[in-house]
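Let us take a friendly walk through this structure together. Keep the sequence and the model side by side as you read.

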Amino acid sequence: MSDWLIETIHLTKIYGSGETAIRALDDVNVTVAPGEFVAIMGPSGCGKSTLLNMLGALDQPTSGEVWVAGENLAKLKDVDGFRASTVGFVFQLHNLLPTLTAAENIEVPMQGRVASARKRRARALHLLEVVGLAPRANHLPNQLSGGQRQRIAIARALANSPKLVLADEPTGALDSQSGDEILALLGELNRSEGATIAVVTHDRRVAQSTQRILRMQDGRIVEDHRVSDPLEEDLRALAFSKLGETILNPNDAPMQEVSPEEEAILRKLIERLRQ
Ligand SMILES: Nc1ncnc2c1ncn2[C@@H]1O[C@H](COP(=O)(O)OP(=O)(O)OP(=O)(O)O)[C@@H](O)[C@H]1O
Ligand SMILES: [Mg+2]
C-alpha cells in the first residue's frame, strides 16, 4: 500500500486482437497524491477516456495494475460499492434522469447507501447549495440550462463524498462561460472538500486552472507538467524583491512608517515565502 490516491503500474489496455488490436493504453505509470487536481489532455483517441474508465473500475486492464485509495481494483470484492462510494463520475453529457427533479437526481447514488430518505434529501439540498442551485431543487432537468444541469451532475457525483472525482470533458457541451463556471466549481470542491479530481479536457485554459497537466499520446503519458499558481509565483517574486528585503530588515527606513503589528505580520509572511 502507498500514500498515493491513484497509482497505475504498467497499465495497458488492448481492445480487440490480432491485426485490428488497438493499444488504447500502453504502459501507463502514473501516481496522483490525495487532493490533487489533475487535467488529462491529448488528441482524440489517445486513451483519455479509457484511462478514466480504468480509474473508476468501469473497465478491466489487459495487463498492469490500478490502485485507487489503497485498493487494487483487480481484487475488489465489492465493485459496485467502490463505484458508488469511492469515485464520483461526471460525463460530458450529464445523463440526468429526465423524470426526476434536481434533488431526486442527486439522491439516486445514495439509494442503498444512506438508509433514511430524510438524510438523503438533506444531503441533496446541501449539495444543491454547494453548487449554487438551492432554489432549483424541484426543477426537472429540461427546466434547467446546460450549465445548471452539469452542476447538478457534479452534485450527484459528490453524493457519497467520493475520494476521487473523475470528469470526462464536463465542459465539452457548454458555452465557454458555463464551462468556466463548471471548472471554477470543480476547483472550489477540490479545495473545500479535499476531493482529488481528474478531469479530461481539450481546453488549454481549463487545464491551466488545475494544478497538473498530464498529456497523452497513443496510449502513453508523454508529458507531466505542474501548473504553477500565478498568485504563488507573484508572492514568491515579492518575497525575493527589494520590498521583501526591506520588510525583513527592521532598520530599513521605509519600515518606520509601518506599525509594529503590520511589520510582524509582513515579516512572518515574507519569511515563510522564502523558505
Ligand atoms: N470499446 C472499445 N472497443 C474498441 N476500441 C475502443 C473501445 N473504446 C475505445 N477504443 C479505442 O481506444 C482508443 C482510445 O479511446 P478513448 O476513448 O480512450 O480516446 P479519448 O482520448 O477519450 O478520445 P476522445 O478525445 O475522442 O474522447 C481509440 O483508438 C478508440 O478507438
Ligand atoms: Mg474520450
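We can start with helix α5, residues 146-157: its 12 residues reach 17 Å from the first C-alpha to the last, close to the 16 Å expected at 1.5 Å a residue. That expected span is 1.5 Å times one less than the number of residues in the helix. Helices here are DSSP runs of H or I with at least four residues, strands are runs of E with at least two, and both are numbered from the N terminus.

A word on conventions before going on: this is a predicted model, in which local features need pLDDT of at least 70 and side-chain atom pairs count only at pLDDT 80 or more, while totals for chains, interfaces and linings use all residues. Residues are numbered from 1 along each chain as its sequence is written, and chains are lettered from A and ligands numbered from 1 in the order in which they are written.

How much of α5 is buried? Of its 12 residues, 10 are buried, so the helix is largely enclosed by the rest of the structure. Here a residue is buried if 20 or more other C-beta atoms lie within 10 Å of its own, exposed if 12 or fewer do, and partly exposed in between, with C-beta atoms placed from the backbone. The buried residues of α5 include Gln148, Ile152, Ile154 and Ala157. They pack against β6, α3 (102-107), α4 (117-130), β7 and α6, where contact means that the C-beta atoms of two residues, placed from the backbone, lie within 7 Å.

Strands count as paired if DSSP finds at least two bridges between them. β7 (residues 164-168) and β8 (residues 196-200) run parallel, joined over 5 bridges, and Leu166 has Ala198 in β8 as its bridge partner. The pairing of β9 and β10 is antiparallel, over 6 bridges, with Arg212 opposite Arg226 in β10. In their hairpin, which has 2 residues between the strands, Asp218 takes a positive phi near 45 degrees.

Now look at the helices on this sheet.

Of its 8 residues, 7 are buried, so α1 is largely enclosed by the rest of the structure; among them are Leu51, Leu52, Met54 and Leu55. The largest share of the shell around ligand 1, 3 residues, comes from α1. The residues around this ligand include Tyr15, Gly42, Gly45, Lys48, Ser49 and Thr50, each having its C-beta atom, placed from the backbone, within 6 Å of the molecule.

After α1 comes Ala57, with a positive phi near 55 degrees. Ala57 and Gly56 are touched by Arg83, leaving aside residues up to four places away in sequence. Arg83 lies in helix α2 (residues 79-85) and is partly exposed, with 17 other C-beta atoms within 10 Å.

A further open sheet has 4 strands in the order β2-β1-β4-β5, with antiparallel pairing. Its edges are β2 and β5 (71-72), each with a single partner strand, so one side of each is left without a neighbour in the sheet. Within it, β1 (residues 6-15) and β4 (residues 63-68) pair over 5 bridges, and Thr12 stands opposite Ser63 in β4.

Finally, step back to the whole protein, with its 10 helices and 10 strands. It is divided into domain 1 (6-95 + 163-227) and domain 2 (228-275), with bounds taken from an automatic or database domain assignment. The C-alpha centres of domain 1 and domain 2 lie 40 Å apart. Along its principal axes the C-alpha trace spans about 75 × 50 × 35 Å, and buried residues make up 36% of the 275 residues.
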